[in-house]
Amino acid sequence: MAGTVEKLRSFMAESKRVLLVTRKPGMKEFKMAVKITGIGMILIGTIGMIIRIIGYLVTGS
């Protein structure tokens, strides 16, 4: 039980430290993050569609 409490305290201290260091992104950084995320979604969707088409062609249904 004491180990769990100590791990929780350590996690909370690390989380607090990270939150103190972070900052709000500027518009340029935000736009870049949106572009990267969009490209990733399109890529994953395209791969999924290709797999689905191949599966349809192989099984016929």
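Let me begin with a question: how far apart are the end C-alpha atoms of α2, and what span should its residues give? Helix α2 has 33 residues, which at 1.5 Å a residue should span 48 Å, and its end C-alpha atoms are 48 Å apart, so the two values agree.

Helix α2 covers residues 27–59. Just after α2 comes G60, which takes a positive phi of about 80°. I54 is found in α2.

The chain holds 2 helices and 0 strands. Helix α1 runs over residues 2–21. Its 20 residues should span 28 Å at 1.5 Å a residue, and the end C-alpha atoms are 29 Å apart, which agrees. Helix α1 is hardly covered, since the count of buried residues among its 20 residues is 0. L20 is a residue of this helix. At 66% relative accessibility, L20 counts as exposed. Between the C-alpha atoms of L20 and E6, 14 residues apart along the chain, the separation is 21 Å.

Next, the chain as a whole. What radius of gyration does the chain have, and what would a compact globule of 61 residues have? The chain has 22 Å, whereas such a globule would be near 10 Å. Taken along the principal axes, the C-alpha atoms fill a box of roughly 60 × 40 × 10 Å. Of the 61 residues, 0% count as buried. The accessible surface of the chain comes to about 6,100 Å², and carbon and sulfur atoms account for 73% of that area.

On that surface, I would draw your attention to a nonpolar patch. Which residues make it? I39, L43, I47 and I51 form the patch, with an area of about 400 Å². I47 lies in helix α2. This residue has 45% relative accessibility and therefore counts as partly exposed.

Finally, I come to the charged side chains. Side chains of opposite charge can pair when their charged atoms come close. How many salt bridges does the structure hold? The structure holds 1 salt bridge. In it, the side chains of R23 and E29 meet, with a distance of 3.1 Å from N to O. How accessible are the two partners, exposed or partly exposed? R23 counts as exposed because its relative accessibility is 60%. E29, by contrast, has a relative accessible area of 40% and is therefore partly exposed.

To summarise, the model is a predicted one, with 2 helices and 0 strands, 0% of its residues buried, and a radius of gyration of 22 Å. Thank you for your attention.

Note on methods. Residues are numbered from 1 along each chain as its sequence is written. This is a predicted model: local features need pLDDT of at least 70, side-chain atom pairs count only at pLDDT 80 or more; totals for chains, interfaces and linings use all residues. Side-chain values use heavy atoms; hydrogens and water are left out. Patches are made of residues with over 30% relative accessible area and no salt bridge: like charges are joined within 9 Å, nonpolar side chains (Val, Leu, Ile, Met, Phe, Trp, Tyr) within 5 Å. Accessible areas come from the Shrake-Rupley method with a 1.4 Å probe; for residues, only the protein chains shown count as cover. A salt bridge is a side-chain nitrogen of Lys or Arg within 4 Å of a carboxyl oxygen of Asp or Glu. Helices (H or I, at least four residues) and strands (E, at least two) are DSSP runs, numbered from the N terminus. Buried means under 20% relative accessible area, exposed over 50%, partly exposed in between (1.4 Å probe, protein chains only). The expected span of a helix is 1.5 Å times one less than its number of residues. The radius of gyration is taken over C-alpha atoms; the globule rule is 2.2 Å times the number of residues to the power 0.38.
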